[in-house]
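Please look over the sequence and the structure shown below, and keep both at hand while you read this briefing. The notes that follow are grouped by topic.

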Amino acid sequence: MSEERKEELSQKEKTEQEKSSEVNLLEEDIREENPENSYEFIKETIKAKPLDKKKLAKQLGRLAGSGAVFGLAAALVFGALAPSLLEKAKERHNAQKVQFQNGANEPAGESEENQDETQEEDQDEQTTIIQEMTPEDYQALYSDIFSTAENAQKAMVTVNSSQNNQDWFQTPYESQISGLLVAESGQEYYILTEYRIVENVDRIQVTFCDGTMTDARFQKADSNTGFAILKIPKSDVPAETQQAVAIAPLGESYNVRQGEPVLAIGSPMGYSDSVAYGIVTSTSNTVSRTDAEYGLLTTDITGSSQGSGVIVNLEGEIIGIIAQSFANEDTKNLITGLSISDSRELIQTLSDNQDIIYLGITGENITSEISEKKGIPVGVFVEEVEVDSPAMQVGIQNGDVVIEINGETVETIKGYQQQLKACKAGDTIEIKAMRQGTEGYVEVSFEATLKAR
């Protein structure tokens, strides 16, 4: 650099320094004159930068575009994964539910579809039935059902009894119950009824189906069942009534099945000339009485605990004799009857005025299954021995198991009954039984003389 140039720059710097010094001196003078406003010259106003609308619009556009792209991508991914995720969720939900086995081991879906179809078909069928059945049809249906009991109703009678003891109004005490015309001979009719209505009475009257009333005489009763037989001379019955009545058509109760429709006629409701309809609910129950066992028919027919009469099938046959005393305490309002097949022979014995053979034990069947479980010999387990009976007199005790009578094996009460029926009052029979001792069951023997009751 030339010397001239250096001198020029140096002179320029000096000039600037002199100007700066002058400025500083001027500022000091100003501050001395106005100390309060000494800093006003450095105050500034900051203004916001103007909004660039075009730039903002571009940024919003970019943001909206990015959101749309992201949403579309998410929708595509969810659409692809949703079926599998939904299926897994259903599986987890079903795994938490209690599962029930379908009857035919079908998949649940197929079962529901079949069930829906079946329900639709059933609804169609029900709808068809409802549309086809009119009140007149129902009336005709029930008329047909009740007409099947017409012959049995001709055999029904009402039994009235009275005592001469009179009340304040000077009228005899009277009671009534249903009866059944079960047999006839050349000279007499035989009426089956309940002993409770004719016990210790002074007069017995029978009203037939046509309203004719006549006197009857007591013949014989059975304390086990409470049955009684009355006799009426045919000569006391008008010819028109003899034409109107019918002997009861006794059927077989061994073939009766659970659910079979039946009628209860007589006085099932406790008053005469009533009819009720229902089904048989049980045929397997039995009841043990002294030296006998009887089958029971239970129904769903609502009746009175004092009801009487008979149970009739839809063929018009009598299959049971109403006996409410044999019903359980909690079913006294449902009609229960003694099996006609188990009662037929007893009715014959009472009608013929024959002896009822008597040994005096109430038993229970010990089957092979019971024998294996409880270790009791097969036979008739003695539950009760009647006081002063032939059985008690020879030393038969509660807990003995009768296994033989007169050399014939006895395994059930029915078999025991048949052995007694083959004997007569006054016969002496040999009885073998098993009695439990300290070392197990041992055989004991008895000789008993039968009586009549």
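Which residues make the nonpolar surface patch of about 590 Å²? In this predicted model, the patch is made by Tyr138, Leu141, Tyr142, Phe146, Val275, Tyr277 and Leu314.

**The nonpolar patch**

- Two elements, the helix α4 (135-147) and the strand β9 (274-282), each supply at least two residues of the nonpolar patch, and the element that gives the most is α4, with four residues.
- Leu314, which is also one of the patch residues, has its place in the loop between β12 (308-313) and β13 (318-322).
- Leucine 314 has a relative accessible area of 35%, and it is therefore described as partly exposed, because buried means under 20% and exposed means over 50%, with partly exposed in between.

- The side chains of aspartate 215 and arginine 203 meet in a salt bridge, with a distance of 3.1 Å from N to O.
- This pair links distant parts of the chain, since aspartate 215 is in strand β5 (residues 213-215) while arginine 203 is in strand β4 (residues 203-207), 12 residues apart.
- Both partners are partly exposed: aspartate 215 has a relative accessible area of 36%, and arginine 203 has a relative accessible area of 41%.

- Aspartate 222 is buried, with a relative accessible area of 2%, whereas arginine 453 is partly exposed, with a relative accessible area of 26%.
- Arginine 435 forms a salt bridge with aspartate 400, and the closest N and O atoms of this pair are 2.8 Å apart.
- Because arginine 435 lies in strand β20 (residues 428-437) and aspartate 400 lies in the loop between α9 (390-393) and β18 (401-405), the pair ties together parts that are 35 residues apart in sequence.
- Arginine 435 counts as partly exposed at 22% relative accessibility, whereas aspartate 400 counts as buried at 2% relative accessibility.

**A network of shared partners**

Conventions: Residues numbered from 1 in each chain as written. Predicted model: local features only at pLDDT ≥ 70, side-chain atom pairs only at ≥ 80, totals over all residues. Heavy atoms only, no water. Patch = residues over 30% accessible without salt bridge, like charges linked within 9 Å, V, L, I, M, F, W, Y side chains within 5 Å. Areas by Shrake-Rupley, 256 points an atom, 1.4 Å probe, with all protein chains shown as cover. Salt bridge = Lys/Arg side-chain N within 4 Å of Asp/Glu carboxyl O. Buried < 20%, exposed > 50% of the residue type's maximum accessible area, 1.4 Å probe, protein only.
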